[in-house]
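Hi everyone, thanks for making time today. I'd like to walk you through a structure that may be new to you, so please have it open while I talk.

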Amino acid sequence: GAGTWGTALAQVLVDNGHDVLLYHFDQTIVDDINLDHKNRLYFENLELNNDLRATTSLKEAMEHAENILLCVPSKNLQELLNDAFPFMHHKYNFINTIKGLVGEENELIIQYLHNIIPEKYVNSISSIIGPSHAEEVILRKYTAVCFVNKDIHIAKTMQTCFSNSYFRVYALTDEIGS
């Protein structure tokens, strides 16, 4: 998603030298990102990294992806995944950034993802958690979060993908804060 948190985290990844393709259903937002390097709907006239790209094609986004950063409102998660499943052709690392509960059972997002995503598409399912604000991250203000995966090796690998001089990431294994 190319909302506030999705755009901010995408910029962190691009700042770190990763190839990122944001997905959004609104062509106006995609054009703003691709042509003017801005996302004015969420960040007014803030200049984004020139290497950040976006698409309205879920098919293109899935073909491009190895890691899928889930940054949509929880109420839209099931629809997004259902729309994406036909375009999935290998295993992905899913990274949840969504807060709240979802589904008829009011599950934690991480539990919901483990239950709804077919195993044939899952390499790993992780979460980014912690006190942070997209409006500060996009301005490259100092922020600390946790990258959580049951497998500490995956958590540490992804920690290095996201960490930089302004975005500090700690690796943890406790998915639900027990």
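I'll start with the sheet, move on to the helices beside it, and then turn to salt bridges and a surface patch. Please keep in mind that this is a predicted model.

Let's find the sheet. Five strands make up an open sheet, and their order is β3-β4-β7-β8-β9. The pairing in this sheet is mixed. At the edges you'll find β3, residues 67-70, and β9, each of which pairs on one side only. If you look at neighbouring strands, they are turned by 25° against each other on average, direction ignored. As a quick reminder, strands of a sheet pair through backbone hydrogen bonds, in either a parallel or an antiparallel way.

Now let's look at β7, because six of its eight residues are buried and the strand is largely enclosed by the rest of the structure. What does β7 pair with? Strand β4, residues 92-96, pairs with β7, residues 122-129, in the parallel sense over five bridges.

Helix α1, residues 4-15, lies across β3, β7 and β9, and it runs at about 95° to β9. Helix α6, residues 109-116, packs on the sheet as well, touching β3, β4 and β7. The direction of α6 makes about 170° with that of β7.

On to charges. In general, side chains of opposite charge can pair when their charged atoms come close. How many salt bridges does a search of the whole structure find? The search finds six, and I'll show you some of them.

One of them joins D36 and R40, at 2.6 Å from N to O. Both partners are partly exposed: D36 has a relative accessible area of 39%, and R40 has 35%.

Another joins E63 and K59, at 3.9 Å. These two residues both sit in helix α4, residues 58-64, four residues apart, which is about one turn of the helix. E63 is partly exposed at 49%, and K59 is also partly exposed, at 42%.

A further salt bridge links E175 with K150, at 3.8 Å. E175 lies in the segment after β9 and K150 in the loop between β8 and α8, so this pair ties together parts that are 25 residues apart in sequence. Are these two buried or exposed? E175 counts as buried, with 18% relative accessibility, whereas K150 is exposed, with 60%.

There is also a network here: salt bridges that share partners join D32, D36 and R40.

Last stop, the surface. L101, L108 and I176 form a nonpolar patch there, with about 250 Å² of accessible area together. Of these, I176 is found in the segment after β9, and this residue is partly exposed, with a relative accessible area of 48%.

Note on methods:
Residues are numbered from 1 along each chain as its sequence is written. This is a predicted model: local features need pLDDT of at least 70, side-chain atom pairs count only at pLDDT 80 or more; totals for chains, interfaces and linings use all residues. Side-chain values use heavy atoms; hydrogens and water are left out. Patches are made of residues with over 30% relative accessible area and no salt bridge: like charges are joined within 9 Å, nonpolar side chains (Val, Leu, Ile, Met, Phe, Trp, Tyr) within 5 Å. Accessible areas come from the Shrake-Rupley method with a 1.4 Å probe; for residues, only the protein chains shown count as cover. A salt bridge is a side-chain nitrogen of Lys or Arg within 4 Å of a carboxyl oxygen of Asp or Glu. Buried means under 20% relative accessible area, exposed over 50%, partly exposed in between (1.4 Å probe, protein chains only). Two strands pair if DSSP finds at least two bridges between them. Axes are lines fitted to C-alpha atoms, for helices over the stretch in contact, and angles run from 0 to 180 degrees between N-to-C directions. Contact means heavy atoms within 4.5 Å.
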